[in-house]
Amino acid sequence: EPGKQPRPDEACEPKETYPLCDDLIRVLGDDNKAHGPWDPRLDAETLRQMLREMALVRAFDNRMYRAQRQGKTSFYMKCTGEEATSVCATHALDGDDMIFPSYRQQGCLIARGYELTEMINQIYSNKADKLKGRQLPIMYCSKRLNFFSISGNLATQLPQATGFAMASASKGDSRIAATWVGEGSTAEGDFHSALTFATVYNAPVIFNVINNQWAISSFSGFAGAERATFAARAIGYGMAGLRVDGNDPLAVFAAERWAADRARANAGPTLIEHFTYRAEGHSTSDDPSAYRSAEERDEWPLGDPVMRLARHLIELGEWSDEQQEEMDAELDTKVRTAMKEAEKNGILGHGLHHPFHTMFEDVFEELPWHLEEQAEQAIRERQIKFPGDPAE
Amino acid sequence: EPGKQPRPDEACEPKETYPLCDDLIRVLGDDNKAHGPWDPRLDAETLRQMLREMALVRAFDNRMYRAQRQGKTSFYMKCTGEEATSVCATHALDGDDMIFPSYRQQGCLIARGYELTEMINQIYSNKADKLKGRQLPIMYCSKRLNFFSISGNLATQLPQATGFAMASASKGDSRIAATWVGEGSTAEGDFHSALTFATVYNAPVIFNVINNQWAISSFSGFAGAERATFAARAIGYGMAGLRVDGNDPLAVFAAERWAADRARANAGPTLIEHFTYRAEGHSTSDDPSAYRSAEERDEWPLGDPVMRLARHLIELGEWSDEQQEEMDAELDTKVRTAMKEAEKNGILGHGLHHPFHTMFEDVFEELPWHLEEQAEQAIRERQIKFPGDPAE
Amino acid sequence: PAPEPASSDAKVLASPVVRKRAKDLGIDLSQVKPHEDGRIRHADLDAYISYTGGFSGAAPARSD
Amino acid sequence: VREMNMIEAINSALDIMLERDDNVTLLGEDIGYFGGVFRCTAGLQEKYGKTRVFDTPISECGIIGVAVGMGAYGLRPVPEIQFADYIYPGLDQLISEAARLRYRSAAEFIAPMTVRSPFGGGIFGGQTHSQSPESIFTHVSGLKTVIPSTPYDAKGLLISCIEDNDPVIFFEPKRIYNGPFDGYYDKPAKSWKGFDAAQVPTDYYKIPLGKARTVREGEALTILAYGTMVHVVESVAREKGVDAEVLDLRTLVPLDIEAIEASVKKTGKCLIVHEATRTSGFGSELSAMVQERCFYHLEAPIERVTGFDTPYPHSLEWAYFPGPVRIGEAIDKLLEA
Amino acid sequence: VREMNMIEAINSALDIMLERDDNVTLLGEDIGYFGGVFRCTAGLQEKYGKTRVFDTPISECGIIGVAVGMGAYGLRPVPEIQFADYIYPGLDQLISEAARLRYRSAAEFIAPMTVRSPFGGGIFGGQTHSQSPESIFTHVSGLKTVIPSTPYDAKGLLISCIEDNDPVIFFEPKRIYNGPFDGYYDKPAKSWKGFDAAQVPTDYYKIPLGKARTVREGEALTILAYGTMVHVVESVAREKGVDAEVLDLRTLVPLDIEAIEASVKKTGKCLIVHEATRTSGFGSELSAMVQERCFYHLEAPIERVTGFDTPYPHSLEWAYFPGPVRIGEAIDKLLEA
Ligand SMILES: Cc1ncc(C[n+]2csc(CCOP(=O)(O)OP(=O)(O)O)c2C)c(N)n1
Ligand SMILES: Cc1ncc(C[n+]2csc(CCOP(=O)(O)OP(=O)(O)O)c2C)c(N)n1
Ligand SMILES: [Mg+2]
Ligand SMILES: [Mg+2]
Ligand SMILES: [Mg+2]
């Protein structure tokens, strides 16, 4: 029940959080009001900002999904319904805290103000893609925004975040690390390594487990959800754990901020389970109707986080349906403008890629002789295949 | 305090065991009597049998340690102080339950009646070693006794035990699997995989974590012991967990039997932390004085399990100091007789090894051409180096 | 990379099959005049053989 | 006999083995209810139940580790690793355990598992859905490595692998699941329809491990390939009208050295083609062996055509892929030598 | 300059780098208080404290994974894997993460780590304390592989690795930690005492990566080796009085191809020696490259002398080890060819 979960002090013993591992921290009630000690008491401006970013993520996902269907790129992944778990969590962090994301955290980047065109260039793997077309679409990276390079290999980011946090702590730095992982991916050994190292060294790191109840076609039970919550994993390590309604933007913010404050106060790591729902397919390569019922989506467990925040703002008298509609239209235009901008740099497979030599760069800091030889080979092949075309 | 820990029903909800994860199940009191609901009420004959086997393990360890020092083999590992965790746990299992050991479970083999000569042949890697000299000393294997091949790679046996248990369950078989792992090794990802699979499939498997407080030179805190017990790891998975005084033979037996009954009743896996103490160095390659104080060993936390059981039997009027002394002498003779027997088959590095061709066998079921070629090479080399000596 | 032209004291350049044939024929390859790229081919061996009037019957000419 | 693509042929092999042997058990991420992300196990859980064909947690270490334990019990597990790129977390269980178990237990325990995994690029999968790590496995004593190139072979080889009592890694070239690929990414994709090798008996049959297939006979040079590259090589040879002998190795370990040796001794020239990264790719072992065994027959340096020593780049994957131009160049070089 | 064995030389390199660069951080199982099971890190925790030199949980995945994160922060981590045989649980973090990070982030993030690990056999370590898995790493694009053969080289190379901004795997041949080994296990063990290569400057110096060392010059044949085998090869050549040119490769990737090519073109014959399992060992890559680049200079088949394709057997380890007899046979064969 919203508002009924106790909120222990940020510096408490991990034990005090254990009841929260089996509960669900909620702030927004059916009455669209904020309740209880976890209410972060954010000002309307911040709330509107979070709303806007969540809506932007939604608009972006919809457009990019269609772009993939139109053949502009090879692959896309939406985070529909999970926007709060990235956007609102990022708001609770400092800008220089380091984010170690999984692949469904476009919301973190958007919350940090990443340029949509940059994102789309990456998705199109075009000549302006700053990752030089090397990565699968949506595998972003931005050192400037303290957003680590996304890996295709699940759960590897967890020990990495822990290592970053250990390094920061050892340098007496106040930066913390936060990492995101799907509930299915928690079964990987990296999850255990990360939690073990984090407890042993009391690392200032936050583990966000996004329990959207599905891992491709596998229900969360295949990661152990039927016997214990994912937040409860924390108990085994003697780590603080929280379980939060991931579709409640205020609760997500509050839990993440609690963990950030705790980490920054050197009181240790926190595992947060964000209970949410993957409203769409796993990716553009997936058709969820093969393994789950259509009704499930229609019921949309926990409700749409965007609408929940909008209704809260309306309830506060700080927002209106008209504003919402206007904003949605504006954001869609914004996305479309960015798409057009990005398309000038090319779409996947239409020639406007990076020069062939870039393919051999950054394997090492310096190009060794064998890669130089191979680069020459690649460029020669290109000239043979497209005699007219200047290869580079 | 001995006897004060509640004993839930074997088929209980995992939750009921959680208080036991932070406690320590003890049966034998300072008065050398058995106390409380965990008293397994074993008859004197069984107790004497367990006592004898623990003492035999002790005698064996002492002789083999010296044999290594005398150059008869390359390596040895004692389990001094931890005898109960293997001997008494094995007694609680059925003979056809499958054991997936780590390297310090000589007690399991001895409890199942493995011939000492066989063990020593393996330790000497001599021509009668049924593992054909291929494995490091003490890396035993006995399919006949349902004792799986020991690996040098830590924690790999945990998912394997789970897989065995899953297979047994899927066949409707009543055999269960039990596996042993050092507390230090629980940090490996395999531990997490095993516990995850075991919960998801409700596998009939027992995870024995032998917390002897040291992993080579590293205190158990480096595996996370300062924040939570190892038994508490179970809580994170929603698995039953018990924490037991590993130097209390009755408590070890009782806990293992509880878990075995539970598994056999299809009520799921159990994690048992055996809290004990590695009284000696890690192995013959190790000198513990470099990292821990001499007093620590002298205090021998929890007391010697062999003496504790002996005193209990004496208290029961079923044993005496004289019998104990006699038995020790007899067991030492037994070990020395077995050593002499084994030495007839050779000691390490003194010629009485397996023929060279065996080195190429069992890589695959059938010898492929490249291994046949290599075998010929090896035999030719031997003839060049020792022209007189019949190579095979 | 293409074999560089042999200098006067350089080693003989030839494919293994040419070396084998020369060996079977008892020909010392260093006596054979290589092709202009420095490498001895079957044709160069053939030329050597017919020049020396040797074993041309036993070893039919081959092309590369 | 029925026309099947490679997915259907694999599915048929699994179906038959599940039917014939109660101990055959399939496990892997998304393989059960859903039938696998490439649908290779479609319908099998429904047919054989959840203890024979089941979904697993996302833990490759767990998947291979429990398969070792199942093998110790007496089952014959067939774990699937969703992409070869994701096998690394399971490598310790595969290398240190499955591959060593027979040896270290003196054959008391065995690991008769067949690890299936799609591998290779050319599907815009980016660097973590395109790798060809086969050479790593060929270095591991105790492991067999098998790679089919047609639906017919896939079924017959997979059945042999499952019946084999040693651990086998069975890499499925995902680029040719649905049709052979001649290397021209810019031409319309072909399906397996109409190809002889897609005529697959619906019943049980085996293709022995360790035997290569002569794809075409020739005198001018020998080309060694496996998986997707067999088709690319074949089409280049055809196109160029070169009298090449093409061998599809099918099994990398144990290798059919006899077939290779006989062919290279006949042609005197050898080209090795694989998609994997060049350095220490399996081509290096092939090259070394051919050189050792056919040295005095060699008329030209053995050539390797391979992927480059970079990760597989998403947008430049066709620059990475060892396609017709790279292969053609190497053939020319060999013929001119 | 001071006489050091290889352990002391490594310790000295680590000490100097900890001193010079605050970002250098050592981590691994038992490396802190205890100073490592081979004592390579002895005294360093005491000197630099527990945040610079620390013990870790027993999780190779964690060790390499946190090192990636530390690198992202700006540290220069030097993780130790206690034995090369135990690196497999950390392979995913090494291969899919450390080695790929620079590439996939277009150099925004790097993994400037040096993974140290003792490898190789000849110490009665049995199959899980004797492996030589180097070739696996040479197949991974983005990783460098370095193997020293003397105390002098160990220090100079290790300093270069630590300063290098790419991930490096630094394999330490444990058989020669305490003294060079000529392959005669039945003779008394030698220490490094009195050997030139044990005269190690106490100060900072570097040996560049990618440069081989000419151990001895010769005209009759070229022998390529690294690590322990350098010494075995050298002593066999000396003993047999063969005019062999011996190259110690020192770095496998990137390889000093120039030195190799020049030598083989001079001698016309090449022997490659390593302790690792033969099939797909690094010898195969060396053989392939030499053959590609020196083909027309070759007067005899390139020979490989290697460990066998079996696990390293405990009691028969000297039958496994590529010792003087095996090497001698190959040399004779090459000279007679
Ligand atoms: C090591 C590894 N194994 C398998 C995969 C294939 N894979 C990609 S996403 C996915 C499901 C992940 O589910 P979850 O962690 O719940 O994240 P979600 O997609 O729900 O956000 C799988 C199995 C992978 N990428 N990496
Ligand atoms: C994967 C792996 N990493 C490291 C080692 C080296 N090693 C052998 S024993 C050991 C300590 C294990 O300690 P613990 O698990 O507590 O068992 P104990 O020795 O106390 O019985 C280590 C680190 C190994 N054998 N395997
Ligand atoms: Mg999920
Ligand atoms: Mg221990
Ligand atoms: Mg099989």
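Analyst: In chain E, helices α7(E) and α11(E) are oblique to each other. This is a description of a predicted model. The axes of α7 (residues 228-240) and α11 (residues 324-336) of chain E come within 10 Å and cross at roughly 60 degrees. Angles of 65 to 115 degrees would count as roughly perpendicular and those under 35 as roughly parallel, and the crossing at roughly 60 degrees is therefore classed as oblique. The handedness of the crossing between α7(E) and α11(E) is right-handed.

The residues that meet at this crossing can also be named. From α7(E) come M229(E), V232(E), V233(E), V236(E) and K240(E), and they meet P324(E), I327(E), G328(E), I331(E) and D332(E) of α11(E). Sorted by class, this contact of α7(E) with α11(E) has seven nonpolar residues, one polar residue and two charged residues.

Other parts of the model hold metal sites. In chain A, the magnesium ion (ligand 3) has E183(A) (OE), N212(A) (OD1) and W214(A) (O) as its protein donors, which lie 2.1 Å from the ion. Along the sequence, the spacing of these donor residues is E-x28-N-x1-W. E183(A) is in the loop between β2 (177-182) and α7 (189-200) of chain A, while N212(A) is in the loop between β3 (205-211) and β4 (214-215) of chain A, so the pair ties together parts that are 29 residues apart in sequence. Both E183(A) and N212(A) are buried.

Chain B also holds a magnesium ion (ligand 4), coordinated at 2.1 Å by E183(B) (OE), N212(B) (OD1) and W214(B) (O). The donor residues of ligand 4 are spaced E-x28-N-x1-W in sequence.

Chain D provides the protein donors of another magnesium ion (ligand 5): C161(D) (O) and D164(D) (O), at 2.3 to 2.4 Å from it. C161(D) is buried, its relative accessible area being 0%, and D164(D) is buried at 15%.

Finally, two pairs of chains lack contact. Chain A and chain C do not touch, and their nearest C-alpha atoms are 11 Å apart. Chain B and chain C are likewise not joined by any contact, with their closest C-alpha atoms 24 Å apart.

Methods:
Residues are numbered from 1 along each chain as its sequence is written. Chains are lettered from A and ligands numbered from 1 in the order in which they are written. This is a predicted model: local features need pLDDT of at least 70, side-chain atom pairs count only at pLDDT 80 or more; totals for chains, interfaces and linings use all residues. Side-chain values use heavy atoms; hydrogens and water are left out. Donors are N, O and S atoms within 2.8 Å of the metal (3.2 Å for Na, K and Ca); water is not among the atoms, so sites may look incomplete. Helices (H or I, at least four residues) and strands (E, at least two) are DSSP runs, numbered from the N terminus. Buried means under 20% relative accessible area, exposed over 50%, partly exposed in between (1.4 Å probe, protein chains only). Axes are lines fitted to C-alpha atoms, for helices over the stretch in contact, and angles run from 0 to 180 degrees between N-to-C directions. Angles under 35 degrees count as roughly parallel, over 145 as roughly antiparallel, 65 to 115 as roughly perpendicular and the rest as oblique. A crossing is left-handed if the near helix is turned anticlockwise from the far one by less than a right angle, and right-handed if clockwise. Contact means heavy atoms within 4.5 Å. Ala, Val, Leu, Ile, Met, Phe, Trp, Tyr, Cys and Pro count as nonpolar, Asp, Glu, Lys and Arg as charged, and the others, Gly among them, as polar.
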